[in-house]
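Biologist: Let's go through this model together. Show me the structure and we'll take it one topic at a time.

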Amino acid sequence: MLIVLGGLPATGKTTLARLLASRTGAIHLRVDTIEQAVLRSGLARHPVGPVGYVVGYALAEEQLRQGHTVIAESVNPLAVTRDAWRDAAVRAGVPVLEVEIVCSDPDEHRRRAHSRGVDIPDLPLPGWEQIVELDYEPWHRNRLVVDTAGQEPEASLGPLVAAVLRASRG
């Protein structure tokens with residue numbers, strides 16, 4: 001199955017994706033990692049545009065066709081990107097679980113944005129003003145919403161794991 005994790009920067013997507021991958025053995029594809037590799041190649045400059053997503057869709061589809069569960073993690077701000085992840089799952093003939101990660105407490109979200117560290121060399125992290133001004137389209141279809149505000153990552157992981165188990169049973 002394909003598990004698509006999206007949400008604004010600093011909501012906890014990467015933390016949850018890593019925990020879920022560890023718990024389930026799924027492959028974690030992170031668009032930030034792909035984009036930084038493209039930048040290091042010298043073939044592009046920041047921002048790289050859609051290339052990170054397009055590579056992500058291809059990698060996800062290939063891994064899904066090989067029978068792996070894939071966690072695709074990115075901001076996923078636009079309906080077109082959300083549709084493209086779903087299309088990769090449809091082409092591979094597997095179910096998709098779409099998940100929006102949010103932090104409903106703006107003060108906590110701001111603190112996270114200011115205090116988080118860079119775990120990918122040279123990755124430019126957006127500041128709070130960039131996060132709140134980001135073009136982030138509302139979701140127009142069913143998805144699981146996981147609110148990470150006021151709880152430890154393991155607590156946020158619980159509903160996600162339960163949804164994955166339900167979706168994998170069909």
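**Helix packing**

Biologist: Which residues of α3 meet α4?

Modeller: Tyr53, Gly56, Tyr57, Ala60, Glu61, Leu64 and Arg65 in α3 do. Their partners in α4 are Thr81, Ala84, Trp85, Ala88, Ala89, Arg91 and Ala92. Contact is heavy atoms within 4.5 Å. Helices are DSSP runs (H or I, at least four residues) numbered from the N terminus.

Biologist: What's the make-up of that α3–α4 contact by class?

Modeller: 9 nonpolar, 2 polar and 3 charged residues. Ala, Val, Leu, Ile, Met, Phe, Trp, Tyr, Cys and Pro count as nonpolar, Asp, Glu, Lys and Arg as charged, the others, Gly among them, as polar.

Biologist: Before we go on, what should I know about the model?

Modeller: The model is predicted, so local features need pLDDT of at least 70 and side-chain atom pairs pLDDT 80 or more, while totals for chains, interfaces and linings use all residues. Residues are numbered from 1 along each chain as its sequence is written, and side-chain values use heavy atoms, without hydrogens or water.

Biologist: Back to α3 and α4. What's the angle?

Modeller: About 25 degrees between α3 (residues 51-65) and α4 (residues 79-92), with the axes 9 Å apart. That makes α3 roughly parallel to α4 (under 35 degrees; over 145 is roughly antiparallel, 65 to 115 roughly perpendicular, the rest oblique). Axes are lines fitted to C-alpha atoms over the stretch in contact, with angles from 0 to 180 degrees between N-to-C directions.

Biologist: New pair. How do α2 and α3 cross?

Modeller: At roughly 120 degrees, with the axes coming within 8 Å. The α2–α3 crossing is right-handed.

Biologist: And which residues of α2 and α3 meet?

Modeller: From α2, Val31, Ile34, Glu35 and Val38. From α3, Val51, Gly52, Tyr53, Val55, Gly56 and Leu59. The contact of α2 with α3 divides into 7 nonpolar, 2 polar and 1 charged.

Biologist: Now α1 and α7. At what angle do their axes cross?

Modeller: Roughly 55 degrees, and the axes come within 10 Å. So α1 is oblique to α7.

Biologist: What's the hand of the α1–α7 crossing?

Modeller: The α1–α7 crossing is right-handed.

Biologist: Who meets whom between α1 and α7?

Modeller: Thr15, Leu16, Leu19, Leu20 and Arg23 sit on the α1 side. They meet Pro153, Glu154, Ser156, Leu157, Leu160, Val161 and Val164 in α7. The contact of α1 with α7 has 8 nonpolar, 2 polar and 2 charged residues.

Key
Helices (H or I, at least four residues) and strands (E, at least two) are DSSP runs, numbered from the N terminus. A crossing is left-handed if the near helix is turned anticlockwise from the far one by less than a right angle, and right-handed if clockwise.
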